[in-house]
Structures are given as structure tokens and as C-alpha cells.
Amino acid sequence: MKLTKQEKDMLNGKYGYAVKKSMGILVALGEIYNAKKLVEVTSVQIAGVSYDNLGDAGLEFLEELAKDGKVKVLTTLNPAGMDLENYKALGISEDFAVKQRKVIEAFSKMGILPTCTCTPYLIGNNPHFEQHIAWSESSAVAYANSVIGAYTNREGGPSALASALTGKTPLYGMHLNENRKAQVKVKVTCPVKGTWEFGALGKVIGEKAKAKPVLITGIKEATVDELKSFSASIATYGGAAIFHIKGITPAKVSAPKEEFTVTQADLVKAEKELDSECEVDFVSVGCPHASLNELAKLAELLKGKKVKKEFWITTARPTKKIADSAGYSKIIEDSGAKFAADTCCVVAPIKNRFKCMATDSAKGCYYAGAKNNFKVKIMPIEKLVEEACK
Amino acid sequence: MELKGRKICGGKAEGEALVTKQGISFFGGVDTQTGKVQEKGHELEGQSISGKILVFPQGKGSTVGSYALYRMKKQGTAPKALVNAECETIVAVGAIISEIPCVDKIDISKIKTGQKIKVDGDSATVEVK
């Protein structure tokens, strides 16, 4: 890999400890992946924010870098382990809160915006087509590469942080057009509607194609919310960094020879796999974080109703603030449903807290089982509200 | 038998191999406190990777897995070394920030659980006794 004189100086410590350590990570990655050089990025999204995931070791790592580290580009954060303002109401302990706040402080000290959302593209981190960025958070990576057409690898928390502190990333993987081409064509022969069904579709395609870039045909329309849900699901179940949907995503790709079909039966099978025999005691919406449209829809569905089960809506704080001014939040909270901003069910320390979670998110289902030990039931948003009010 | 691969992270380690044909998710798939694999249905479910030479095709799952490895190293529950068929970024970055010897481009079908293994990250070799 060819480094410029300035990059060599960065690596040798001329610009301080944080830059040196960061360059070390980027250069090592670049060598592994045969990158010819480093490229500048216009924004960064950082995962590895919840104290539940970082632990004291991760916090130490961040505090070391924060001693002299300052970001070079717009840098936003993934969800934290708690609602930074309202954590007590959601049952988070003071001990956890103290540590979580230290994590946020370390990031803020480096100039990172504590946006605490997996939907940076909904709240002001807006890359455009063909821009090189360095994002972590697999759902946001899939969305940015596929729906926006920006260029990013599936960065890990530390490598994204390294890019933020240097403004660079190695030119490999998704930064190169040849790796973004469709390798498998997927013909969808059934209607797909709603975030839950797009999530199920992501599971079907992800499990079959794994991380191979696919070109999907047969989808006539998809809302931003459906694409958001699909991005999260295909990234979770398949490890995919990019997908193409004919007529919907912007990149021009040719149809590959290898293909498979997705039928109604495949979708139903995936939905059944995410439907357990259990009594719902927890309803969750917002994986990825709920958009304004979704909050408007929830307000419409919950108006005048009372929920009888624990019902959490996870969203970005900026989105919630707009929902507050629009009056949606009052309607939603009057029903007994609760908002959790800055956080989500994947990274909050809620293991074993509930037994059976109903959600419209296929990604949410995966982590509920793997991390939190909940049984799950996937269903559309309208049914979630019905379930919550039973 | 000596297998030659590619250096991901330098350093030497020696220990007992724990081999799987399935990918490992360090975030969510492994309990960082105990080192036990907790992914439901995984062929290593319930087994501890702590102190082992962990041999697997590649990492998978959330990008936060790199911190999970770092956390395990600090707590003393990390594997002694990582051997992959084809390393991806979660494991590569995790190994580098945690300083866990890591080698990839190894034919992992040649290694069996229980064998005594020596890993040299710098020369990118895996010696099977």
C-alpha cells in the first residue's frame, strides 16, 4: 500500500497518539485487503457505543484515544445502552448510567456528535451517491451502499473510529466498483408489503446468498421504512454490505447469470421461523430506529387506545423531538407506550427481562433470541398495536 | 505438520485447538464473561473458547464483535490465538487492537479439536503437533 508523506508521518506519531494508533489499524487492514492506498472519507458512523458491549475495557480504549484524538470529518454515533435522558423510567441502573455517560463523554471529547442512532441518514448524516464514507452499523452500511449508492465497507467500531480520527479509510472492498457488482439475481415472485415482510425477505435472501451482492427483481415499490427494514435484515442474516433492487436502488448493475427465486412459500416459511408459541409480554418497534412516518403511523393507530403490555418505541432523539412538536409523542405516551431514544433493544442491557417479544423487525428478532433470550413473534405494525392492547 | 497462511496480527501462542466449520459471531454469539459460545444451534454451543487456539472459517455478525474480543482479552477470557480460512474485518480489527495472534488463509480442515497447535502470527505459520 502506498502512503503519502503525511500519512507516513501520521503513522509515525508526528500527529499524536490517537492518530498513530488509528493509522496503525487502517494500515494493517489495508495490507490485509491489498488496498493500493488510503482514500479520504466525508463522514463516519461509529458502532460500539453501548456500555453493555464495551465494558470497562472498551471504555478504557476510548478514553486513551480521547486524550489527544480529534475527528477530522462529520462523525455520528450508534445507539447507546440507554435513553440518555430518560433511563430511570426504563429500568436502567445508576451504576450503568454513570459508565454509559463516561463513554459518551469520551466520544464527545473527540468531537463526535452523540446522535446515538442507527439511522444517521435520517438525522443529518447524508452522504451522496458515490461518496466514500466509513460507516459501521451493518444496517446503515447496507442502506448507505444500496439505497444511497455511497461507498463504505462494513466497518467495525474501532476501524470506524480510526477513520474518524484520520479522515481516511483503505481503498478496498466496497470502495471498488468491481466488488459492488451483483453476483446473484433474485427473482421475487410474490407481493412484499410492510416493514415486517421486507424483513422476512431480507432473511430469505440473506440466508441463501450470504454476503454476495444480489440484484433483486420483482419488487414494484418500496418505502424508505421498508428499505430500512430490509437493509437491517439482509445485513443481519446474510452479512451483506450491498444489494440492488431493480427500479429502486440507484446503481446501474448488469444481471448476473446465477439466480434463484423467492416465492410466497419462502416468505411464509421465514415468517413462521420468526413466530414462536408464546404469550407476548413485550412489544417493540424501531429496529432500525423509527422514522417520522412510522411515528405518525403509530400515533394514528394508538390514538384513544390504552396498551396493556410493555411497549417500547426506539428512535433517534432528533426524530423524537420533531414528533414531540407534531403532537405524535403525546398521543403515543397517553396510550401507555414508551419512547426510548438514544438506544435500542439490541444494545440495551435487557437480557431475560421479558419472555416473548412481538416486533415488526426481522433484525430485532435475531438479536432478541441470540442476545436477550426472548422468544419472538414477527408481525405488521397494525397487529403489534392490537397485540399491545389485548 | 506446518501450515502457511497470511499474517493478520503478530505474536506467538501455543495451546489446544478448538475447531468449528461454522462462523463465529463475537457480538452476541459468545458470552464475553465466561468465553462460552452462546449462539443457539451452533456446533460449539456451551463450549468455552477461552485459552484455546480458536480455528474457524471466519467471523460474522455485528461489527461490534471487535470490541467483544478486546474485552475478552482484558478480562482473560480470550482465545490464545485465532486461525481463519478467510479473515474478515471484525476478527482482523479485533485481533489487532487486542494483540491476539491471528493468521488466515489456512486450510482449517487439516486441524482437529484437541490437537496441540503453535501459532506464529509474524511468520504466519500454524504448526500442528
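## Chain B: overall form

Chain B agrees with the rule for a compact globule, because its 129 residues would give a radius of gyration near 14 Å and the chain has 13 Å; the radius is taken over C-alpha atoms, and the rule is 2.2 Å times the number of residues to the power 0.38. This is a predicted model, in which local features need pLDDT of at least 70 and side-chain atom pairs count only at pLDDT 80 or more, while totals for chains, interfaces and linings use all residues. Residues are numbered from 1 along each chain as its sequence is written, and chains are lettered from A and ligands numbered from 1 in the order in which they are written.

Taken along the principal axes, the C-alpha atoms of chain B fill a box of roughly 35 × 25 × 25 Å. The chain holds 2 helices and 8 strands, where helices (H or I, at least four residues) and strands (E, at least two) are DSSP runs numbered from the N terminus. Along the sequence of chain B these elements follow the pattern β-β-β-β-α-β-α-β-β-β.

Of the 129 residues of chain B, 57% count as buried; a residue is buried if 20 or more other C-beta atoms lie within 10 Å of its own, exposed if 12 or fewer, and partly exposed in between, with C-beta atoms placed from the backbone. Of the contacts in chain B with a separation of 6 or more, 70% are made by residues 24 or more positions apart, a contact being two residues whose C-beta atoms, placed from the backbone, lie within 7 Å.

## Chain A: overall form and domains

For the 390 residues of chain A, a compact globule would have a radius of gyration near 21 Å, and the value of 21 Å for this chain agrees. Its C-alpha trace spans about 65 × 55 × 35 Å along the principal axes, and chain A contains 14 helices and 14 strands. Buried residues make up 57% of the 390 in chain A, and among its contacts between residues at least 6 apart in sequence, 80% join residues at least 24 apart.

The domain assignment, automatic or from a database, divides chain A into domain 1 (5–177), domain 2 (181–272) and domain 3 (274–389). The C-alpha centres of domain 1 and domain 3 of chain A lie 27 Å apart, and the contact between these two takes 19 residues from domain 1 and 17 residues from domain 3. On the side of domain 1 of chain A that touches domain 3 there are 10 nonpolar, 7 polar and 2 charged residues, where Ala, Val, Leu, Ile, Met, Phe, Trp, Tyr, Cys and Pro count as nonpolar, Asp, Glu, Lys and Arg as charged, and the others, Gly among them, as polar.

## Contact between the chains

The contact of chain A with chain B takes 27 residues from chain A and 23 residues from chain B. On the side of chain A, the elements that give two or more residues are helix H2 (17–32), helix H3 (51–66), helix H6 (157–166) and helix H13 (362–370), and the largest share, 6 residues, comes from H3(A). By class, this side of chain A has 11 nonpolar, 12 polar and 4 charged residues.

## Local features of chain A

Helix H8 of chain A (residues 224–238) has 15 residues and reaches 21 Å from its first C-alpha to its last, close to the expected 21 Å, the expected span being 1.5 Å times one less than the number of residues. H8(A) is mostly covered, with 14 of its 15 residues buried, and is followed by Gly239(A), whose phi is positive, near 80 degrees.

Lys330(A) lies in helix H12 (residues 328–334) of chain A and is exposed, because 12 other C-beta atoms lie within 10 Å.
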